[in-house]
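Me: I'm just starting out with protein structures and would like a close look at one part of this one. Could you pick a stretch of paired strands, and then show me what else is around in the chain?

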Amino acid sequence: MASWLTYNSADGATPRQASVVILHEESGGSVLFVRRNHALAFMGGHHAFPGGRVSGFDTGRCVHNAPDEETAGYLTAAAREVFEETGVLLARGAVGREEVYGPARREILQNPEHFEPFLEAEKFYIDASDFVPAGRWITPSFSPMRFDTRYFLYRCRACLPVSPMGPEEEITEVCWLTPQQALEKRGLGEMTLSTPPAFVLQRLATFPLAEALERLRHTPGFSDTLIDYIEPAAGIHIVPVKAHTLPPATHTNCVIIGETELAIIDPGIQDEAERRRFSLHLDDICEGVGGRPTAILLTHAHPDHCAFAAGLSGHYGIPIHGHPEALSQFPGGRPLRDGAYLELAGVRPWRIRCLHTPGHHPGHLCFFEGTTRTLVCGDMVANPGTIMIDNDAGGDMDLYLKSLARLSALEPSLTVPGHGAPLIAEAGPALFRATVEHRLRREEKIRKALETGLRTVEELLPLAYDDTPVALYPLAERQLRAHLKRLDKGRHPEDTTADIHESRR
Ligand SMILES: [Zn+2]
């Protein structure tokens with residue numbers, strides 16, 4: 001899976017311009033795919049549509065009929081990348097056969113800036129009207145490598161002969177597949193696609209071409225056609241929604257799981273405008289997978305996780321599920337206890353196991369989907385950030401550390417925290433363990449401060465939180481009180497270490 005998922009960044013890197021071409025064969029509807037080399041750090045082994053970055057030398061001087069200079073640059077990069085990666089030359093005057101231009105292609109692979117001089121020398125040109133705009137995607141801000149990518153669809157009469165770059169190169173395979181074939185392979189785990197190509201293929205598989213293009217260009221809920229959710233595995237949608245939550249987080253991850261029947265986990269959307277955006281978005285996801293929401297699941301009952309639960313429940317006529325301790329504000333809610341399973345109908349069986357993980361909230365649940373091994377862990381960790389354990393809001397530091405110890409024994413392929421970037425494979429359990437260690441180090445500082453004879457919170461804070469800005473003391477004070485309560489219980493770090501060993505057994 002994409003390495004960028006493991007990264008997080010508050011502001012995000014500046015997106016670089018890129019172009020992607022959906023080569024679409026008219027009679028059978030096949031689409032051209034390239035496969036990235038397994039050895040690549042960025043999306044190694046992924047299938048994708050051909051494309052890449054717009055470079056300074058993509059001046060656009062060989063493009064006719066472009067609406068503006070910027071588009072001419074995007075189209076030059078598009079045609080150049082398709083030529084480099086697949087051998088297909090999308091230029092007027094050229095015959096679309098790879099072998100004719102083999103030597104030129106090899107030369108351009110070495111010196112991509114020679115692409116435009118090559119077109120000029122051969123008297124070829126790129127006709128902008130051959131490239132139909134098919135949407136624009138911007139990589140989410142938590143990625144270290146971000147692209148502002150324009151998609152174009154290029155129609156061809158037949159599947160053109162293609163050739164990959166070579167076993168040691170960036171692109172190791174090139175193939176034609178129908179959207180249905182590709183989505184089937186993805187569902188079986190035989191093909192890895194990032195969110196944008198999966199989205200494109202779902203539309204191409206569902207609608208006639210003209211309507212599919214319309215939907216790719218004007219996605220409901222996104223005024224400027226940029227789509228900011230991710231679908232790291234088929235049927236797992238992560239939608240960051242704006243929420244009033246603790247810094248550094250500004251969003252809550254609402255997770256939508258399933259195909260035919262969909263579960264909406266943690267719809268913590270508080271603002272009316274954001275609710276409208278989310279609802280359009282949800283319709284869009286349902287349309288893409290051909291399903292409908294059948295359940296709302298809550299990790300806990302804080303507003304930034306459940307504010308829109310009643311609204312969605314009423315709109316779709318579907319129940320709200322949560323731990324009994326989290327359902328007091330939801331009359332008629334369905335109680336879920338530790339070990340309960342929730343099944344969702346779909347092409348494959350979806351089984352969501354509930355784990356009771358009190359600490360942040362007495363009724364906190366985590367959800368583990370067994371087929372994809374996706375763990376939705378709510379406010380057990382934030383990435384980045386610290387989870388607030390507040391005695392006055394049902395928090396319990398001792399239970400929190402026990403719950404983290406239990407989670408660290410799981411082996412998820414994806415961990416989705418309530419706030420921040422998802423974590424791949426062992427990065428999830430590693431963050432649970434690091435969080436336990438961080439809390440124990442803090443507890444040790446508090447213990448040392450207590451040994452000096454200090455007793456009041458005001459006295460203890462500057463010693464135990466000497467690494468924390470004074471502005472954050474009001475938050476630190478609550479954490480400190482939670483630690484003091486645990487120490488009062490006579491709990492020791494060794495107890496927590498024992499919990500971790502116990503849960504691994
Ligand atoms: Zn939260």
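Reply: Strands β18 and β19 (residues 365-369) run antiparallel and are paired through five bridges. Two strands count as paired here when DSSP finds at least two bridges between them, and the strands themselves are DSSP runs of E with at least two residues, while helices are runs of H or I with at least four, both numbered from the N terminus. To find one of these bridges, look for Leu-355, whose partner in β19 is Cys-366.

Before going on, please keep in mind that this is a predicted model, where local features need pLDDT of at least 70, side-chain atom pairs count only at pLDDT 80 or more, and totals for chains, interfaces and linings use all residues. Residue numbers start from 1 along each chain, following the sequence as written.

Now look at the other partner of β18. Strand β17 (residues 341-344) is joined to β18 by four bridges, again antiparallel. Here Tyr-341 stands opposite Arg-353. Five residues lie between β17 and β18, and the two strands form a hairpin.

How enclosed is β18 (residues 350-356)? Five of its seven residues are buried, so the strand is largely enclosed by the rest of the structure. Buried means that 20 or more other C-beta atoms lie within 10 Å of the residue's own; 12 or fewer makes it exposed, anything in between partly exposed, and the C-beta atoms are placed from the backbone. Across the chain, buried residues make up 47% of the 505.

Elsewhere, seven strands form an open sheet with mixed pairing, in the order β10-β11-β12-β13-β14-β15-β16. Its edges are β10 (230-233) and β16 (334-335), which have a single partner strand each, so one side of each has no neighbour in the sheet. Inside that order, β14 (residues 292-297) and β15 (residues 320-322) pair in the parallel sense over two bridges, and Leu-297 has His-321 as its bridge partner in β15. Helix α9 (residues 309-316) packs on this sheet, touching β13, β14 and β15, and its direction makes about 145° with that of β14. Touching rests on contacts, meaning C-beta atoms, placed from the backbone, that lie within 7 Å. The angle, on a scale from 0 to 180 degrees, is between N-to-C directions of axes fitted to C-alpha atoms, for helices over the stretch in contact.

In total, the chain has 14 helices and 22 strands.

Terms used
Two residues are in contact if their C-beta atoms, placed from the backbone, lie within 7 Å.
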